[in-house]
Amino acid sequence: MNTAVTYADIYLRLSIEEANNGESGSIINQRNIIQQYCEDNNITIVREFVDDGFSGSNFERPGFKSLLAHIDTGVVNTVITKDLSRLGRDMTESSYYAETYFPEHGIHYIAISDGFDSNETNLMAPFQFAMNDVYLRDTSRKIKQVLNQKRNKGEYCACPPFGYMRNPSDSTSLIPDPKTAPIVQHIFELATSGKSAHYIANQLTDEGYITPLKYRALFRDNFCDKGAARATDTWNHTTVKRILKNQVYLGHTVLGKTKKASLKSKKKISVPKEDWIVHYNTHTPLVTQETFDEAARFIGMNTKSWAKNEKTRISVFNGIVFCESCGSALCSCGSVYKGEREKYWYLSCLNIPKRSPHHCENGARIKYSDLCEIVKSELNQFIDLSKEDIDEIIKAASKKDRSEVYQDSKDNLQSIEKRIKDIDRIILKLYNDNSNGLIDDEQLSKALKALSKESANLKDRADKIRNRNVAVNDEADGYKAFFSMIEQYNHIEELTPEIVRAFIERIEIGKKELPDGYTVATHDIPYKQNIKIVYRFIGNISEIERSFNEKELKTAV
């Protein structure tokens, strides 16, 4: 490139406080001044970069970043702004770019109105940078005063929450948004029925409801391309919890919950609840106080009190019942009909949903009460055996070689325990990364879910290895240990998690086998289902094929 010719990029900036609708007159004014200067000085303008509506308090601006990237191509040798304040108002960073960064990259920087030229000695530059910084601080102070006045009057001076929109006749008040208010009400409805935040998030995703961020990106706010790209169709449980805890849906205006860490920081920090500014009954509520409190009661239950939730189905088979087809765990599901919950309670393969990344075509599903009756019946049959029957079984078992039954070695147990410790360290690091802003809440939640599941499975395997090390040296020892536990019971009336785990290591449920010519189980079509029970010490002594009749299950399927 011929250095005798000046090729310049021009940069225009206007703060959000000064900006009008669309491209403001000030941007046009900056452009006209720079273009005239370039004509008068025989400077060729290569590209124009604009940040309209961006504060000069920091340099995290898309237009400015694009300018720096274009400079690196070597196409231009000059950068021009109307004045130093257009480059930025932060004294330290503005001085760095004007007096250090640009010269070190071979760029001649000119601020026309301030007479700043990086190729010259600029005696007044320190004062100019300082005055721009003072202006920034003074503007920030005035804005805070205005916002505080509006907050104290109960005027809504924040981004309208999901479910509301600004009142067209009064921009300082809220009215329900007809597009999103029903979604918020649906969320509270699900929460008051006892659903967890994770369940609600998955349900909203499956039902195709638009997420708050995507709604803002598509229909309400002016997002940059990078910001719009963050909007997804997948609901997050954190978003659900945030909605369920927000008093704005009771018709109250709650402001000042967060504040900027400092003038030049983008990070927001929480404000103590007692310092929030709250005004009651300022707009139309979307839910009643009763609904809000009921939702908070269920969602707020922590792990220890979760079992006390009367609307939660708690299976005695948690962690030991699996799908025969894909090996996935079976989880509780079902519906409530005429107030009955137990009657419509099922255990279902986690991979049955089409959205599952490991969708199971033959996913198992069984009525919870049926499985309870089967297991209870099996155990009571063992209990009812006579001493002579038990002795005969042990005698027959003593003739078999158990040397190859349990192959888990000490080395395998050590490797499992090492991996569990590694996972604990990884989880601790993830929490630290999240608190330091290196990963967001959604990334943390996904990682914790995967690691927690892996840790639980490893601990289960480790427990089984330890249990198998009770010196069960042959088949007879296994049966002796099993029947010695059986002797502690006269009859099992009701299954408990303790009873199930004392006797059973694993249960596998097969798919429904329908009669020839049928592809779907209806209310009057019987079906068969294979159930494999692996007992502690004695393993799987038989596979049970049970027959069921859908007619007896009413509308549960």
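Two residues are in contact when heavy atoms lie within 4.5 Å. In this predicted model, 65% of the contacts in the protein chain between residues at least 6 apart in sequence join residues at least 24 apart. The chain holds 17 helices and 18 strands. Of its 557 residues, 39% are buried. The protein chain exposes about 31500 Å², and carbon and sulfur atoms supply 49% of that area.

Helix α6 illustrates the buried part of the chain. This helix runs over residues 181-192, twelve in number, and spans 17 Å from its first C-alpha to its last, close to the 16 Å expected at 1.5 Å a residue. Helix α6 is mostly covered, with nine of its twelve residues buried. The buried residues are Ala-181, Ile-183, Val-184, His-186, Ile-187, Phe-188, Leu-190, Ala-191 and Thr-192. Their cover includes one strand, β7 (170-176), and the helices α7 (197-206), α10 (237-245) and α11 (289-299). Just after α6, Gly-194 adopts a positive phi of about 95 degrees.

Leu-123 counts as exposed because its relative accessibility is 69%, and the cut-off for exposed is over 50%. Together with Met-124 and Phe-127, Leu-123 forms a nonpolar patch on the surface. The accessible area of these three residues together is about 390 Å².

Definitions and conventions: Residues numbered from 1 in each chain as written. Predicted model: local features only at pLDDT ≥ 70, side-chain atom pairs only at ≥ 80, totals over all residues. Heavy atoms only, no water. Patch = residues over 30% accessible without salt bridge, like charges linked within 9 Å, V, L, I, M, F, W, Y side chains within 5 Å. Areas by Shrake-Rupley, 256 points an atom, 1.4 Å probe, with all protein chains shown as cover. Salt bridge = Lys/Arg side-chain N within 4 Å of Asp/Glu carboxyl O. Buried < 20%, exposed > 50% of the residue type's maximum accessible area, 1.4 Å probe, protein only. Helix = DSSP H or I, 4+ residues; strand = E, 2+ residues; numbered from the N terminus. Expected span 1.5 Å × (residues − 1).
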